[in-house]
Amino acid sequence: MSIITISRGTYSRGKEVAEKVAQRLGYECIAHEVITAASEEFNIAESELASAIQEAPSISNRFVYGKEKYVAYIQKTLLQHLKKDNVVYHGPAGHFFVKNIPHVLKVRVVTALEDRIRLVREQSGISRKEASKLIKKLDEQRKKWSHQLFGVSTWEPRLYDLVVNIKKNTVDEAVDFICHTVAIGDFRTTPESQKAMDDLVLSADIKAALIDIKPDIEVTAKDGVIHVTTTVPESQEEELIHKIDEIGKGIQGVKEIKVHTFSSVPFGD
């Protein structure tokens, strides 16, 4: 039992690879289904959620935090899917959300620019110049997004366990590489790795529940003990801790909440 995340640039044939891997292994294959589920749970338009994990935030903190809220909702929904195991996810940001989970094989699928341009032209009927411009625009958006929210480009090879170049291999060969790697590598779920996933799922649940009251909040979980870290003016600390405790203890699996605050200066002071 394993999880596979497949990161891909637009028009890189990563969707095709993901679907064939899932079919070969008998795994569930998901991508946009996560956006749909999050939209239904949090009553937010799918287009707004999709934008949050595809386009870079504004330099304004207000818009950065707005996107972070949506990202927290998507993270919670995705992790709820992934914790079941035997899943291939080929949507954005999966590798960031589960970077420390041992039974996740993180794959990057790359394709030569000319092949991507050809695929765009085949599907959209636009000129070569327009196709090239579109791809570069989408790539740049994703690079800025990952830098602003995670501090690293999604193109960075160290984020992945396996990088597959479709130009040097056929899609079927890429599928062979991925299936072979997940079989021989140390990617099978263990009691310890499942516990790490359960802790991660719970921390995502808590963050999604709390982010509306404090957008800069950070949450970790271990054995049902929740650590919440945030900044707050001293005059508001007691009230905020009470709110966090009240909301957090209403979530299944929470045994104890520990709030760690750092002083901040109220806006306008």
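**Ground rules.** I noted that this is a predicted model, in which local features need pLDDT of at least 70, side-chain atom pairs count only at pLDDT 80 or more, and totals for chains, interfaces and linings use all residues. Residues are numbered from 1 along each chain as its sequence is written, and side-chain values use heavy atoms, with hydrogens and water left out.

**Ala-37, continued.** I checked its accessibility. Ala-37 counts as partly exposed because its relative accessibility is 24%. Buried means under 20% relative accessible area, exposed over 50%, and partly exposed in between, with a 1.4 Å probe and protein chains only. Leaving aside neighbours within four places in sequence, Ala-37 is in contact with Thr-77 and His-81. Contact means heavy atoms within 4.5 Å. I also took a distance to His-95. Ala-37 and His-95 are 58 residues apart in sequence, and their C-alpha atoms are 19 Å apart in space.

**Thr-5.** His-95 came up again here. Thr-5 sits in strand β1, residues 3-8. Is Thr-5 buried or exposed? Thr-5 is buried, because its relative accessible area is 2%. Beyond the neighbours within four places in sequence, I listed the contacts of Thr-5 as Tyr-89, Gly-94, His-95, Val-98, Val-104, Leu-105, Lys-106 and Val-107.

**The cores.** Next I looked for nonpolar cores. Such a core is a set of buried Ala, Val, Leu, Ile, Met, Phe, Trp, Tyr and Cys residues joined through side-chain atoms within 4.5 Å. Which residues of the largest nonpolar core touch the most other members? They are Leu-82 and Met-197, out of 35 residues. At least two residues of this core come from each of α2 (32-42), α3 (46-52), α4 (61-82), β3 (87-89), α5 (94-97), α7 (128-150) and α9 (191-210). The most come from α4, which gives eight residues. I then followed Met-197. Not counting residues up to four places away in sequence, Met-197 touches Ile-3, Leu-79, Leu-82, Lys-83, Val-98, Ile-101 and His-103. Another core, of 21 residues, lies apart from the largest one, and Ala-18, Val-109, Leu-162 and Ala-174 are among its members.

**α1 against α8.** Helix α1 (residues 14-25) packs on helix α8 (residues 171-184) at an angle of about 50 degrees, with the axes 9 Å apart. Axes are lines fitted to C-alpha atoms, for helices over the stretch in contact, and angles run from 0 to 180 degrees between N-to-C directions. I therefore wrote down α1 and α8 as oblique to each other. Angles under 35 degrees count as roughly parallel, over 145 as roughly antiparallel, 65 to 115 as roughly perpendicular, and the rest as oblique. The crossing of α1 and α8 is right-handed. That word applies if the near helix is turned clockwise from the far one by less than a right angle, and left-handed if anticlockwise. From α1, residues including Glu-16, Val-17 and Lys-20 meet residues of α8, including Val-171, Asp-172 and Ala-174. This contact has nine nonpolar, no polar and five charged residues. Ala, Val, Leu, Ile, Met, Phe, Trp, Tyr, Cys and Pro count as nonpolar, Asp, Glu, Lys and Arg as charged, and the others, Gly among them, as polar.

**α6 against α7.** The axes of helix α6 (residues 113-124) and α7 come within 9 Å and cross at roughly 115 degrees. That makes α6 roughly perpendicular to α7. I noted a right-handed crossing here too. The α6 side includes Arg-116 and Ile-117, and the α7 side includes Leu-134 and Asp-139. I sorted this contact into six nonpolar, one polar and six charged residues.

**Asp-139.** I stayed on α7, where Asp-139 is found. Asp-139 is buried, with a relative accessible area of 11%. Apart from residues up to four places away in sequence, Asp-139 touches Thr-10, Arg-116 and Trp-155.

**Positive phi.** Most residues other than glycine have a negative phi. Asp-85 is not a glycine, yet its phi is positive, about 75 degrees. I placed Asp-85 in the loop between α4 and β3. Asp-85 is buried, at 5% relative accessible area. Asp-223 is not a glycine either, and its phi is about 55 degrees. Asp-223 lies in the loop between β6 (218-222) and β7. Asp-223 is partly exposed, at 40% relative accessibility.

Key. Helices (H or I, at least four residues) and strands (E, at least two) are DSSP runs, numbered from the N terminus.
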